[in-house]
Amino acid sequence: MSELGVLGARDRYALALTTEGKREIMGACTCGYSTDPEKNCNGTHNVVKAVKADLAEKLEAAGFPHAAEFVRNN
Ligand code: FES
């Protein structure tokens with residue numbers, strides 16, 4: 001289990017925004033999910049990454065390894 005495993009999903013998303021997100025606020029968004037009106041990177045990519053990891057983990061635990069792999073890689 002990762003060090004973030006003890007945190008709930010909501011905590012992980014908040015952490016993604018408050019730590020990594022603040023460090024990476026610069027330039028144009030390249031992930032396509034920025035919530036910034038000007039489409040600059042505002043750290044939203046960290047939330048997307050955390051949500052995808054959470055989904056993949058749950059899919060794998062529910063017996064859908066192929067779906068989990070798809071979520072991780074797409
Ligand atoms: S690259 Fe899209 S929000 Fe950071």
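# Questions on a Protein Chain

Biologist: In which helix is the place of Val48?

Modeller: This is a predicted model, in which local features need pLDDT of at least 70, side-chain atom pairs count only at pLDDT 80 or more, and totals for chains, interfaces and linings use all residues. Residues are numbered from 1 along each chain as its sequence is written. Helices are DSSP runs of H or I with at least four residues, strands are DSSP runs of E with at least two, and both are numbered from the N terminus. The place of Val48 is in helix α3.

Biologist: Is Val48 buried, exposed or partly exposed?

Modeller: A residue is buried if 20 or more other C-beta atoms, placed from the backbone, lie within 10 Å of its own, exposed if 12 or fewer do, and partly exposed in between. Val48 has 16 other C-beta atoms within 10 Å, and therefore it is partly exposed.

Biologist: Which residues does Val48 touch, not counting residues up to four places away in sequence?

Modeller: Two residues are in contact if their C-beta atoms, placed from the backbone, lie within 7 Å. Val48 and Tyr33 are 15 residues apart in sequence, and their C-alpha atoms are 7.7 Å apart in space. With the sequence neighbours set aside, the residues that Val48 touches are Cys31 and Tyr33.

Biologist: What pattern does the protein chain follow along the sequence?

Modeller: The secondary structure of the chain comes to 4 helices and 0 strands. Read along the sequence, the pattern is α-α-α-α.

Biologist: What length is expected for helix α3 at 1.5 Å a residue?

Modeller: Helix α3 covers residues 44–61, which is 18 residues. The expected span of a helix is 1.5 Å times one less than its number of residues. From its first C-alpha to its last, α3 reaches 26 Å, close to the expected 26 Å.

Biologist: What arc do the buried residues Asn46, Val47 and Ala50 cover around the axis of α3?

Modeller: In α3, Asn46, Val47 and Ala50 are buried. The arc is that of the directions from the helix axis to the C-beta atoms. These residues lie on the same side of α3 because they cover an arc of only 100 degrees.

Biologist: How are α3 and α4 oriented to each other?

Modeller: Axes are lines fitted to C-alpha atoms, for helices over the stretch in contact, and angles run from 0 to 180 degrees between N-to-C directions. Helix α4 (residues 65–73) packs with α3 at an angle of about 170 degrees, the axes being 7 Å apart. Angles under 35 degrees count as roughly parallel, over 145 as roughly antiparallel, 65 to 115 as roughly perpendicular and the rest as oblique. The two helices α3 and α4 are therefore roughly antiparallel.

Biologist: How many residues of the contact of α3 with α4 are charged?

Modeller: The contact is made by Lys52, Leu55, Ala56, Leu59 and Glu60 of α3, together with Pro65, Ala67, Ala68, Val71 and Arg72 of α4. Ala, Val, Leu, Ile, Met, Phe, Trp, Tyr, Cys and Pro count as nonpolar, Asp, Glu, Lys and Arg as charged, and the others, Gly among them, as polar. The residues of this contact divide into 7 nonpolar, no polar and, as charged residues, 3.

Biologist: With which residues is Arg72 in contact, leaving aside its neighbours within four places in sequence?

Modeller: Arg72 lies in helix α4. It counts as partly exposed because it has 14 C-beta neighbours inside 10 Å. Beyond its sequence neighbours, Arg72 is in contact with Lys52 and Ala56.

Biologist: What phi does Lys39 have?

Modeller: Most residues other than glycine have a negative phi. Lys39 is placed in the loop between α2 (20–23) and α3. Although Lys39 is not a glycine, its phi is positive, at about 60 degrees.

Biologist: How far apart are the C-alpha atoms of Lys39 and Ala28?

Modeller: Leaving aside neighbours within four places in sequence, Lys39 is in contact with Ala28, Cys29 and Ser34. Lys39 and Ala28 are 11 residues apart along the chain, and their C-alpha atoms are separated by 6.2 Å.
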